[in-house]
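Me: Hey, I've got a new structure to get to know. Can you walk me through it?

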Amino acid sequence: MGLVVISTQMPNMASTVTNSDNFDVEDNFLDDIDDLDAAAPGALAPIVLTLEPSVCGERLDKVISKLVPQFSRSRMQLWIAAGFVKVDGVVAKARMTVYGDETVLVQPQAAPEDEAFKPEAMALDIVYEDAAIMVINKPAGLVVHPGAGNWSGTLLNGLLHHLPSIAGVPRAGIVHRLDKDTSGLMVVGKTLEAHTDLVRQLQARSVKREYLALVWGTPQLSGTIDNAMGRHPRDRIKMAVSENLSAKPAITHFVRVATGFLDGRPVSLMRCNLETGRTHQIRVHMLSQGFALVGDALYGKPHLMSFFPRQALQARRLGLIHPQSGQPCEWSVPLAADFAELIARAGIAEPEREAQ
């Protein structure tokens, strides 16, 4: 297939990453980064192509996606449908066949993800901040990192506005994440050195992460769930306990703190400590024992969703070695207001926090 390029102004290439909160990440960011397919357009200059007779009989979208490979075929199809591709001066039609010798004008359009890594003003609940790190109390409903369906309004966008220099740190300093609907503590590395150190601490499983979760039923008083996890074999949005060779180790220690009732159904407040941070680890591990989290739309029972609009899960305590001083540090926060009200309805008092 031949090509004569009349306009040589081509978009710049840029690499981005995504999580997509279609499946949110409970903790370890390193486990679940997916690379975006493609390029982020830069100047978005028009592209003019002259087709050769050798492409006769082929579909337009297939031809131009081969000739302009930095854009995916699906993106080309969207541009054709929206009228941003012309053939011999006429707006192209979907599934159009070309015969060769046509002149094609492509007007690239910025995709939502191309604008994802931009500063956005937002109120951040900063629990602690110094020159090296920032500890944030993330509210439920806030997505941590841009991804499919959430290309703006994320914590990353807020971090870029709060501290523009953090744009020079991988993923704006984010080293671990919480589900969109999980509240609680996260640490951010403000410098490359701090970010690297925090990543290593997570890899070494030395970061202390304690969660409170409200589950349906009455689990045993305490225990450890040591069950590897991987993608669910039939539902790719879900995770599951797995014996597949690709499954990753996952360890959760739990203690039953208190019990109560919601509409006559028993519930238990659990303290969960993570050694690993797999996608949906606490939710999947507790479910594997027969105790789904209250409000969990993905893993719970649909007829019980009216009790709470999100999974009842909060990262309540966080401990680590300060990357700069080398001193152990620990932070804790009260339960989010909606979570506190939920356990009060169940007749459970909020556990006291240890002095920091």
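What follows is a chat about this predicted model.

Me: Let's start simple. How many helices and strands are in the protein chain?

Reply: The protein chain has six helices and 18 strands. Keep in mind that this is a predicted model.

Me: And how many of the 356 residues count as buried, as a percentage?

Reply: Of the 356 residues in the protein chain, 51% count as buried.

Me: What about contacts along the chain, what share joins residues at least 24 apart?

Reply: Taking contacts between residues at least 6 apart in sequence, 68% join residues at least 24 apart.

Me: OK, helices. At what angle do H1 and H2 pack?

Reply: Helix H1 (residues 60-67) and helix H2 (residues 73-81) pack at an angle of about 125 degrees, and their axes are 9 Å apart. That angle makes H1 oblique to H2.

Me: Is the crossing of H1 and H2 left-handed or right-handed?

Reply: The crossing of H1 and H2 is right-handed.

Me: Which residues make that contact?

Reply: From H1 you get Leu60, Asp61, Lys62, Ile64 and Ser65, and from H2 you get Arg73, Met76, Gln77 and Ile80. Sorted by class, the contact of H1 with H2 has four nonpolar, two polar and three charged residues.

Me: Which residues of H1 are buried?

Reply: Leu60, Asp61, Val63, Ile64, Ser65 and Leu67 are the buried residues of H1. H1 is mostly covered, with six of its eight residues buried.

Me: Switching topic. Which residues touch the most other members in the largest nonpolar core?

Reply: That core has 31 residues, and Leu155, Leu159, Ile166, Tyr211, Cys272, Ile282 and Met286 touch the most other members.

Me: Which helices and strands each supply at least two residues of this core?

Reply: They are strand S9 (133-138), helix H3 (155-162), strand S10 (183-189), strand S11 (208-216), strand S16 (265-274), helix H5 (281-288) and strand S17 (313-321). The largest share of this core, four residues, comes from H3.

Me: Leu155 came up there. What does leucine 155 touch?

Reply: Not counting residues up to four places away in sequence, leucine 155 touches Met122, Leu124, Ile136, Leu142, Val143, Val144 and Met186.

Me: And what does the second core include?

Reply: The second, separate core has 19 residues, among them Leu51, Val68, Trp79 and Val87.

Me: Back to H3. How many of its residues are buried?

Reply: Six of the eight residues of H3 are buried, and the helix is mostly covered. The buried residues of H3 are Leu155, Leu156, Asn157, Gly158, Leu159 and Leu160. What covers the buried residues of H3 includes S9 and S10.

Me: Now the loop between H3 and S10. Where does alanine 172 lie, and is it buried or exposed?

Reply: Alanine 172 lies in the loop between H3 and S10. With a relative accessible area of 5%, which is under 20%, alanine 172 is therefore buried. Phi of alanine 172 is near 55 degrees, a positive value in a residue other than glycine.

Me: Where else is there a positive phi in a residue other than glycine?

Reply: Histidine 280 has one, with phi near 60 degrees. Histidine 280 lies in the loop between S16 and H5, and at 1% relative accessibility histidine 280 counts as buried.

Me: Which other residues have their place in the loop between H3 and S10?

Reply: Isoleucine 174 is one of them, and leucine 178 is another. Isoleucine 174 counts as buried at 0% relative accessibility, and leucine 178 is buried with a relative accessible area of 1%.

Me: How far is the C-alpha atom of isoleucine 174 from that of histidine 195?

Reply: Those C-alpha atoms are separated by 7.7 Å, with the two residues 21 apart along the chain. For leucine 178 and lysine 138, 40 residues apart along the chain, the C-alpha atoms are separated by 8.2 Å.

Me: Last one: where does proline 323 lie, and what is it in contact with?

Reply: Proline 323 lies in the loop between S17 and strand S18 (328-332). Leaving aside neighbours within four places in sequence, proline 323 is in contact with Ile133, Ala194, Asp197 and Leu198. The C-alpha atoms of proline 323 and alanine 194 are separated by 5.4 Å, though the residues are 129 apart along the chain. At 21% relative accessibility, proline 323 counts as partly exposed.

How values were computed. Residues numbered from 1 in each chain as written. Predicted model: local features only at pLDDT ≥ 70, side-chain atom pairs only at ≥ 80, totals over all residues. Heavy atoms only, no water. Axes fitted to C-alpha atoms, helices over the stretch in contact; angles between N-to-C directions. Parallel < 35°, antiparallel > 145°, perpendicular 65-115°, else oblique. Left-handed = near helix turned anticlockwise from the far one by under 90°. Contact = heavy atoms within 4.5 Å. Nonpolar A, V, L, I, M, F, W, Y, C, P; charged D, E, K, R; others polar. Core = buried A, V, L, I, M, F, W, Y, C linked by side-chain atoms within 4.5 Å. Buried < 20%, exposed > 50% of the residue type's maximum accessible area, 1.4 Å probe, protein only.
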